[in-house]
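Welcome! Here is a friendly briefing to read alongside the model, grouped by topic.

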Amino acid sequence: MKTILCYGASNTWGYKPDPSAVLPIRYSYKQRWTGILQSKLGDEFLVIEEGLNSRTTVIDDPLNDDRNGKAYLKPCLESHAPLDFVALMLGTNDLKVRFGLSASEIVYAIETLVQVIRTHSLIAQTYVPKVLVLSPPPVGKLSKEEEPMFVGAKEKSQEISKMLKISAVTYKYDLLDTHEFISSSDLEGDGIHLPEESHKKLGLAVFEKILEMSK
């Protein structure tokens, strides 16, 4: 059995767009892209879902404790070792205004996580898993309440998508550009989280990519 670690934020957790909800609502496992991926791959693969709302790449969030993706990545790699693949989808939360990061800085942070996966995996196991980076999904229309938190995020997410294509060639990791086939929700201004149809498309796209990487 081959093992895939899916490491991400709220869109890996399965956050369901509903701005009227008081608490986060989660898609069912079968609706989430990770669940769809598991269903398509079957019993020869184990998909490990490691999604956390508001998780960043390498940043400590002063308003939300324990969300630094780099800080948890090493123990996570060891906990689930041995791993054959790591699918990494982070960067959306780095677009928040309070962090003040440019698109290139966010790409650099993603590259840092790729390096952590490669180097630390040698401690946790005897070989390095193949890395698949999923570009942070395109940012859609935001509500008046959310927009001040994500000023310029839509444009930055598009820049990140383009920059990652160069980065993937330079640092030799696999890339799936989500901007080419999914969109974030426009439901009442939630332009950050994925609608159910995008989860389905993403799960199927990752499935095809994993098969390609398995050859």
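Two residues are said to be in contact when heavy atoms of theirs lie within 4.5 Å. With that in mind, Ser-183 is in contact with Pro-138, Leu-194, Pro-195 and Ser-198, leaving aside its neighbours within four places in sequence. Please keep in mind that this is a predicted model.

**Around Ser-183**

- You can find Ser-183 in the loop between β5 (174-176) and α6 (196-214).
- Ser-183 counts as partly exposed because its relative accessibility is 42%.

- Helix α2 spans residues 33-41 and is mostly covered, with seven of its nine residues buried.
- The buried residues of α2 are Trp-33, Thr-34, Gly-35, Ile-36, Leu-37, Gln-38 and Leu-41.
- These buried residues pack against β1, α1 (10-13), β2 (45-51), β3, β4 and α6.
- With α6, the axis of α2 comes within 8 Å and crosses at roughly 45°, which means α2 is oblique to α6.
- The crossing of α2 and α6 is right-handed.
- On the α2 side, the contact is made by Trp-33, Ile-36, Leu-37, Lys-40 and Leu-41; on the α6 side, by residues including His-199, Leu-202, Val-206, Phe-207 and Ile-210.
- Sorted by class, the contact of α2 with α6 has 10 nonpolar, two polar and two charged residues.
- Just after α2 comes Gly-42, which takes a positive phi of about 80°.

**Helix α3 and its partner α4**

- Helix α3 (residues 69-80) packs with helix α4 (residues 103-124) at an angle of about 30°, and their axes are 9 Å apart.
- Angles under 35 degrees count as roughly parallel, so α3 is roughly parallel to α4.
- This crossing of α3 and α4 is right-handed.
- From α3, the contact uses Gly-69, Lys-70, Leu-73, Lys-74, Leu-77 and Glu-78; from α4, the residues include Thr-112, Val-116, His-120 and Ala-124.
- By class, the contact of α3 with α4 has six nonpolar, four polar and three charged residues.
- Glu-78, found in helix α3, touches His-120 and Ala-124, not counting residues up to four places away in sequence.
- Is Glu-78 exposed, partly exposed or buried? At 42% relative accessibility, Glu-78 counts as partly exposed.

**The nonpolar cores**

- In soluble globular proteins, nonpolar side chains tend to be buried together.
- The largest nonpolar core in this model has 35 residues, and Leu-88, Val-133 and Leu-164 have the most contacts inside it.
- The elements giving two or more residues to this core are β1 (2-8), α3, β3 (85-89), α4, β4 (130-134) and α5 (153-171).
- Which element gives the largest share of this core? Helix α4 does, with eight residues.
- Leu-164 touches Val-107, Ile-110, Val-133, Ser-135, Pro-136, Tyr-173 and Leu-175, not counting residues up to four places away in sequence.
- Another core lies apart from the largest one; it has 21 residues, among them Leu-37, Phe-85, Met-89 and Leu-132.

**A buried loop residue, Thr-56**

- Thr-56 has its place in the loop between β2 and α3.
- Thr-56 counts as buried because its relative accessibility is 0%.
- Leaving aside neighbours within four places in sequence, Thr-56 is in contact with Arg-67, Asn-68, Gly-69, Leu-90, Asn-93, Asp-94 and Phe-99.
- Thr-56 and Leu-95 are 39 residues apart along the chain, and their C-alpha atoms are separated by 9.2 Å.

**Backbone details in the loops**

- Ala-81 and Pro-82 are joined by a cis peptide bond, with omega about 0°.
- Pro-82 sits in the loop between α3 and β3.
- Asp-66, in the loop between β2 and α3, has a positive phi near 60° although it is a residue other than glycine.
- Asp-66 is exposed, with a relative accessible area of 70%.
- Lys-172 is not a glycine either, yet has a positive phi of about 55°.
- Lys-172 is found in the loop between α5 and β5 and is exposed, with a relative accessible area of 67%.

Conventions: Residues numbered from 1 in each chain as written. Heavy atoms only, no water. Axes fitted to C-alpha atoms, helices over the stretch in contact; angles between N-to-C directions. Helix = DSSP H or I, 4+ residues; strand = E, 2+ residues; numbered from the N terminus. Parallel < 35°, antiparallel > 145°, perpendicular 65-115°, else oblique. Left-handed = near helix turned anticlockwise from the far one by under 90°. Nonpolar A, V, L, I, M, F, W, Y, C, P; charged D, E, K, R; others polar. Core = buried A, V, L, I, M, F, W, Y, C linked by side-chain atoms within 4.5 Å. Buried < 20%, exposed > 50% of the residue type's maximum accessible area, 1.4 Å probe, protein only.
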